[in-house]
Amino acid sequence: TARFHYIKSTPGGGSNNTIEYNVIFKLLEDRDGNIWAATDRGLYFTSYGSGTYSVVNYLFDNSKEQNNITDVMEMPGGELWFSSWGRGLLALDASFKERVLPLYQKPPPADWPQLAKGSVALTWSMCYEKRTNKVWIGCNAGAILKYDVKNKTTEYLLPPECGNSTIRYITEDEEGQLWIGTQSGKLVKWDGNGFAVVQDIGTIIYKIFIDRQGIIWLATQEK
């Protein structure tokens, strides 16, 4: 039995049952065994258990426009959250019904630079912080949003340690520390009290993986 089933990117396929992309930003298997693909040309999912391997192009708001989906995350209750380029965060509940997240009820700080203010809907990455029940959202221009799931409030951060560089990835280690990778190559740690630059590799940090031994692996550009 084949272990892999090849699904080809089909430019201009014009069907909800084909996949079209240049870049896959994230793959996720949810608790029901569905595989989700966040791509630069939309959101796709397939149910492995169905045995058909058909791919569905999920269109938010029944829009025919393709969304640039940059990350996908499953919440503890089974909701699926998606970061996007230009639309902020999108969400589906456990029944696949779209849910509006009140992320931007409070605007960014008035004293923020205009570039940073305009970046909060240009979202790249998400991380659920288990200890605080907050979701960290990485954006363009070094902006970070902390969304309190319980209280439905948003805190805006612009850490100097990130150097106004796009936040490409955020993940949490076993000790509850957060690790942030930036477009400019800074690996930044949040220890619960403050931010610190741990390393500057001088190129894009796309992904951060922490193995069982606590060793940190970086997926980078050309390094």
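Is Lys130 buried or exposed? Lys130 is exposed, because its relative accessible area is 62%, and the cut-offs are these: buried is under 20% relative accessible area, exposed is over 50%, and partly exposed lies in between, with a 1.4 Å probe and protein chains only.

First, the ground rules. This is a predicted model, in which local features need pLDDT of at least 70 and side-chain atom pairs count only at pLDDT 80 or more, while totals for chains, interfaces and linings use all residues. Residues are numbered from 1 along each chain as its sequence is written, and side-chain values use heavy atoms, with hydrogens and water left out.

Now the overall picture. The chain has one helix and 18 strands; both are DSSP runs numbered from the N terminus, helices being H or I with at least four residues and strands E with at least two. Of the 223 residues in the chain, 46% are buried. The chain exposes about 12200 Å², and carbon and sulfur atoms supply 50% of that; the areas come from the Shrake-Rupley method with a 1.4 Å probe, and for residues only the protein chains shown count as cover. For contacts, meaning heavy atoms within 4.5 Å, take residues at least 6 apart in sequence: 41% of those contacts in the chain join residues at least 24 apart.

Next, strand pairing. Two strands pair if DSSP finds at least two bridges between them. An open sheet of four strands runs in the order 13-14-15-16 with antiparallel pairing. Its edge strands are strand 13 (167-172) and strand 16 (195-200), and each of these pairs on one side only. From one strand to the next, the twist averages 25°; axes are lines fitted to C-alpha atoms, for helices over the stretch in contact, and angles run from 0 to 180 degrees between N-to-C directions. Inside this sheet, strand 14 (residues 178-182) and strand 15 (residues 186-190) are antiparallel and share four bridges. Ile180 has Val188 in strand 15 as its bridge partner.

Glu29 stands opposite Ile35 in strand 2. Four residues lie between the strands of this hairpin, and Gly33 takes a positive phi near 90° there.

On to charges. How many salt bridges does a search of the whole structure find? The search finds eight, where a salt bridge is a side-chain nitrogen of Lys or Arg within 4 Å of a carboxyl oxygen of Asp or Glu.

Arg41 is in the loop between strand 2 and strand 3 (42-47) and Glu20 is in the segment before strand 1, so the pair ties together parts 21 residues apart in sequence. Arg41 is partly exposed at 27% relative accessible area, whereas Glu20 counts as buried at 14%.

Another joins Lys26 and Asp71, at 3.2 Å from N to O. Lys26 sits in strand 1 and Asp71 in strand 5 (residues 69-74), so this pair ties together parts 45 residues apart in sequence. Asp71 counts as buried, at 1% relative accessibility.

A further one brings back Lys130, which meets Glu172 at 3.4 Å, N to O. Glu172 is in strand 13 and Lys130 in the loop between strand 9 (123-129) and strand 10 (134-139), so parts 42 residues apart in sequence are tied together. Glu172 counts as buried at 15% relative accessibility.

Cysteines next. The structure holds zero disulfides, a disulfide being a pair of cysteine sulfur atoms within 2.5 Å. Cys139 counts as buried at 0% relative accessibility, and Cys162 counts as buried at 0%. Leaving aside neighbours within four places in sequence, Ser119 is in contact with Cys139, Asn140, Ala141 and Ala143. Ser119 lies in the loop between helix 1 (114-117) and strand 9 and is buried at 2% relative accessible area.

Last, backbone angles. Most residues other than glycine have a negative phi. Phe96 has a positive phi near 70°; it lies in the loop between strand 7 (89-92) and strand 8 (98-99) and counts as partly exposed at 29% relative accessibility. Lys152 has a positive phi near 55°, in the loop between strand 11 (144-148) and strand 12 (153-157), and counts as partly exposed at 43%.
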